[in-house]
Amino acid sequence: GISKDPVSGGGAYVNRDPSGTEPGVKGSDDPVQIKVYQWRQNGNEIEILGERTTQPKFIDISAGKDHSLLVDKDGKLYAAGSNRYGQMGFDPKLTIKATTNGVGVTLGKPVTVPQDEIDVFLEVPMPAGVKIVEVSAGDGYSMALAEDGAVYVWGRNDKAQLGLGEVSDYVWQPTNLTLVHVAQISAGTDHALVRTYSGNVY
């Protein structure tokens, strides 16, 4: 998601491979524009396609331990980084494959991307009609606040940090908490907090 065009200079680092033959980006030497990529599900695979022709404008961002979240002005949510616990909103049991090298070059053969190294931003599949206004990324899990005051959580849940009333390894699908009129969310390492408009904190 942070690749640069090597033609324009500045030296993009695509998997530390200046030839650009490997997918993904492992780092860059100076700030670059964030871009989001298209994807599609094909059976048990998520295929990462090329970058979107029109890049969104973002209104909120959050960096967790090993993943990042973005919200655009239309309420759509994007994630990059690790999906080991489903914190990006995808089933971690699915195979993720890249079809481009991160700088717009189509690969001759799709390459499998490790679940903890998804280095482009992909739109998180949220329930239909949900518009997100705020996000908070924790240690292996995610929180999102919707326009109507509802809260969605997903990802690592071994400490019951999702607040779903049970302990599990992870919950990869964004799940609505039974809370209303929430004004603020915060994801810590192993715990989460929400504040309602009435001033109550859970």
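Let's start with Asp158 and Lys159, whose side chains meet in a salt bridge with N and O 3.3 Å apart. The term salt bridge here means a side-chain nitrogen of Lys or Arg within 4 Å of a carboxyl oxygen of Asp or Glu. Side chains of opposite charge can pair when their charged atoms come close. Asp158 counts as partly exposed because its relative accessible area is 32%; the partly exposed class sits between buried (under 20%) and exposed (over 50%), using a 1.4 Å probe and protein chains only.

A quick word on what you're looking at: this is a predicted model, where local features need pLDDT of at least 70 and side-chain atom pairs count only at pLDDT 80 or more, while totals for chains, interfaces and linings use all residues. Residues are numbered from 1 along each chain as its sequence is written, and side-chain values use heavy atoms, with hydrogens and water left out.

Back to the charges. Asp158 and Lys159 belong to a network of salt bridges that also links Asp139, Arg156 and Asp190. The salt bridge count comes to 9. Another one joins Glu51 and Lys35, with their closest N and O atoms 3.6 Å apart. That pair links distant parts of the chain, 16 residues apart: Glu51 is in strand β2 (residues 45-51), and Lys35 is in the segment before β1 (36-42). Strands (E, at least two residues) and helices (H or I, at least four) are DSSP runs numbered from the N terminus.

Now follow β2 into its sheet. Eight strands make an open sheet in the order β3-β4-β5-β8-β1-β2-β6-β7, with mixed pairing; two strands pair if DSSP finds at least two bridges between them. At the edges you'll find β3 (58-63) and β7 (106-113), each pairing on one side only. Strands of a sheet pair through backbone hydrogen bonds, either parallel or antiparallel. So which sense do β2 and β6 use? β2 and β6 (residues 95-100) run parallel over 4 bridges, and Ile48 has Ala98 in β6 as its bridge partner.

What about the inside? The largest nonpolar core has 27 residues, and Leu77, Leu122, Met126 and Ile132 have the most contacts inside it. A nonpolar core is a set of buried Ala, Val, Leu, Ile, Met, Phe, Trp, Tyr and Cys residues joined through side-chain atoms within 4.5 Å. Among the elements giving two or more residues to this core are β2, β6 and β8 (118-123). Leu122 touches residues including Tyr37, Trp39, Ile48 and Leu77, contact meaning heavy atoms within 4.5 Å.

Methods. Lists of a residue's contacts leave out its neighbours within four places in sequence.
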